[in-house]
Amino acid sequence: MNILDWKTKQNNVEVPFCPARVVLQDFTGIPAMVDFAAMREAVRNAGGDPVKVNPACPTDLTVDHSLQIDFSKWPETVLKNQEMEYGRNRERLQFFKWSSKVFKNISIIPPETGMAHQVNLEYLSRVVFEVKDFLYPDSVVGTDSHTTMVNGLGILGWGVGGIETEAVMLGMPVTLTLPEVVGCELTGTASPLATSIDIVLSITKHLRQADVAGKFVEFFGSGVSQLSVADRTTIANMCPEYGAILSFFPVDNVTLKHLKHTGFDKAKLEVMEAYLKAVKLFRNDESSSREPEYSQVVQISLSSIIPYVSGPKRSQDRVAVNNMKSDFQACLNEKSGVKGFQIAVEKQNDIVPVQYEGNEYKLSHGCIVIAAVISCTNNCNPSVMLAAGLLAKKAVEAGLVVKPYIRTSLSPGSGMVTHYLSSSGVLPYLSKLGFEVVGYGCSTCVGNTAPLPEAIRNAIKQGDIIACGVLSGTKNFEGRLCDCVRANYLASPPLVVAYAIAGTVRIDFETEPLGTDFNGKSIYLRDIWPTRRELHTVEEECVISSMFKELKEKMEKGNKRWNLLEAPESTLFPWDLKSTYIRCPSFFDKLVSTLKPVSPQPIENAHVLLYLGDSVTTDHISPAGSIARSSAAAKYLTNKGLTPREFNSYGARRGNDAVMTRGTFANIKLLNKFIGKPAPKTIHFPSGQTLDVFEAAELYQKEGIPVIILAGKKYGLGSSRDWAAKGPFLLGVKAVLAESYEKVHKSQLIGIGIAPLQFLPGENPSTLGLTGREQFSILFPPELSPGMTLDIKTSTGKVFSVIALFENDMEITLYKYGGSLNFVARRFL
């Protein structure tokens, strides 16, 4: 009744939701399975039966998601990268193999198959479940914020973070406040030159401006029927970028046609259609019935959409392609900030000559040094990948080339992308421009790319050049691709290829040529840009039916290397104390003492570990990318006998809490107000020493002093990484005091046992006169209630109030138990 009475009860009603299934990817899947293994150990130690510890909800774990690129030039491409992945990641692959053998209700998708988003869309999705003669809608939660991709297929799904996902795996519902549902009406027809990425970025901008944060979005209107399922999944996938919990395209005739091409048999489709129509979940544009009621309606005309890129530092900062040259010039002039680089006028045209492979090249502001075509998340749409291939074909035939120092790569989301690029005949042309297939999974967009040539790096640093990366991913935080690449743009795959050929972002494609042909004739972008008719013809002939047929065959045949991989079959995992990949974490050490909830313990005389500003992302908090040689994690691995070449990445080592804790807040762009400049450092106040964040936290723990974090607005933006909460917890952080939070991250803090506290409206550390050097004491009452205020006392005598951001009774219960993992684990005792 509360849901039916949504108009009056909205935002005041808790909704427990039990999804039909769970999807994990490797980076967040490995700590989840390590936690399950540790839980078995803890249950055994507490006198319970460890065999009972299994996922209660059907779970699929895709091993291919993140890929470290070692070889990016032919012939050292796919096979060698795969061999390197099996070599350096053998321990974690064996752990996954052990998990597949001993845990019930979990399916491990082996390496060399495809990344989580793509495989979820192409193979795992059911749309409608049929179990024991019961039909019910497919729904899914996952450990990645881009789980929302499947919403374009009419499946309700979203990312909830690793900690919540583990709880769902163990049978707990996702508890959320009854959300507002925003109707997004699409009308009109997009320009022939606008790709699905342009449509995505335009819709992202409109929805972000409409403030859909924390809401559901459902698309309707005449424009929806003009979008293919691939277009819809592309739009749905960008949901985290416009801040909604999820976005949704109901199943309609376009969806059914797509499913028919992907191999769904006729009888199943007929049952699916009849069921969805019976329960009023089928969208019919031809029906005279009125549209559903929404909390709010946002209207977007597809006719207004033109090609855009996004950057140079944030995905929401869109730049029209025809304004790119002037916008970059403006960025050089602007003060350092979210867009500006503050380059002196007299230095804006500086040129730095550099010798590379026997030739001289000239680097200048705006030069491109990284160009990556990535078929994942927002580029799951075959049309944009084919557009890149057809553009490459026309470019090669016209005699255009890419400068050899530019780090080019092609990282498809699955083997299906390689299949249709190959069968359509465009793959050799991409290769000739340097876009070799390097493997399947997240690569450049998470910082996993081969280092730039030393001569190029030196030239960039010597000339203080604003070098650029252009990639077709969804994230472009400053410094993420490479520490010397300060401007990063997101673009559609064909534009990535076009900019790589141009070699600079300081180009007006309308008036300036990309280069010259064999006869010296100027070649413009319009000369090689593929038409929609060309794309649709190739897509119909080479993609739809064949790609799904091959994936299913591949899944059924299995993987030779995976099949031959040996792994133990014991009930309990045989932890290797020498392992630097897999380590038993301490989350369940107090399992027995947490069988009953206790009143929250006071936080007394806590020091501030970090004093942070606004928009601190999970990239700043959670370890990601390569492991810096001077970092605390590097020191730990060196002491274990590893060389820098063997460090691998934080993502690969997410199963080792010792590495991950040392990598927490180790981002080189972390701006701690105690330090005054970007650096992963802080001050240990009792001694006055400036130390790595981990070293300071370790000292505080040895001294028995709790620590807290001060922060500004939007704390925890970005990908919903579990280690953004687990890492601070293991550093000894008891509470975070911020002006506002990203909702998913706030939930994860509660799920691990950290109190999320919010300053009262209009207040912050500055208005309260706090320096961060005080000690803070927080007293919790015996009974907490959602949204209650608490008093905080400082060592200087100041007292102020904050809001305890517990939204419902379940969050309070989880916090009292010391987090969701301990709460769920007790049922096995």
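Student: Which residue is the bridge partner of Pro-353 in S17?

Tutor: In this predicted model, Pro-353 has Lys-362 as its bridge partner in S17.

Student: How do you know that S16 and S17 pair?

Tutor: Two strands count as paired if there are at least two bridges between them. Strand S16 (residues 351-356) and strand S17 (residues 359-364) are joined by six bridges, so they meet that definition. They run antiparallel. Their hairpin has two residues between the strands, and Glu-357 there takes a positive phi near 50°.

Student: Let's turn to the sheet with S2 in it. What makes S4 and S8 its edges?

Tutor: The order of this open sheet is S4-S3-S2-S7-S8, five strands with parallel pairing. Strand S4 (106-109) and strand S8 (156-159) each have a single partner strand, so one side of each has no neighbour in the sheet. Neighbouring strands here are turned by 20° against each other on average, direction ignored.

Student: How do you know that S2 pairs with S3 and with S7?

Tutor: Use the cut-off of at least two bridges again. S2 (residues 21-25) has four bridges to S3 (residues 59-62), and Val-22 stands opposite Thr-59 in S3. Between S2 and S7 there are three bridges, and Arg-21 has Val-140 of S7 as its bridge partner.

Student: Why are both faces of S7 called covered?

Tutor: In a regular strand, side chains alternate between the two faces of the sheet. In strand S7 (residues 139-142), Ser-139 and Val-141 are on one side, with Val-140 and Gly-142 on the other. Buried means under 20% relative accessible area, and all four of these residues are buried, so both faces are covered.

Student: What lies across S2, S3 and S4?

Tutor: That is helix H5 (residues 116-124), running at about 145° to S2.

Student: Why is H26 called oblique to H27?

Tutor: Helix H26 (residues 723-730) and helix H27 (residues 743-752) pack at about 40°, with axes 8 Å apart. Under 35 degrees would count as roughly parallel, and roughly perpendicular covers 65 to 115. The angle falls between those ranges, so H26 is oblique to H27. Their crossing is right-handed.

Student: Which residues make that contact?

Tutor: H26 contributes Ala-724, Ala-725, Lys-726 and Phe-729, while H27 contributes His-745, Gln-748, Leu-749 and Ile-752. They divide into five nonpolar, two polar and one charged.

Definitions and conventions. Residues numbered from 1 in each chain as written. Predicted model: local features only at pLDDT ≥ 70, side-chain atom pairs only at ≥ 80, totals over all residues. Heavy atoms only, no water. Axes fitted to C-alpha atoms, helices over the stretch in contact; angles between N-to-C directions. Parallel < 35°, antiparallel > 145°, perpendicular 65-115°, else oblique. Left-handed = near helix turned anticlockwise from the far one by under 90°. Contact = heavy atoms within 4.5 Å. Nonpolar A, V, L, I, M, F, W, Y, C, P; charged D, E, K, R; others polar. Buried < 20%, exposed > 50% of the residue type's maximum accessible area, 1.4 Å probe, protein only.
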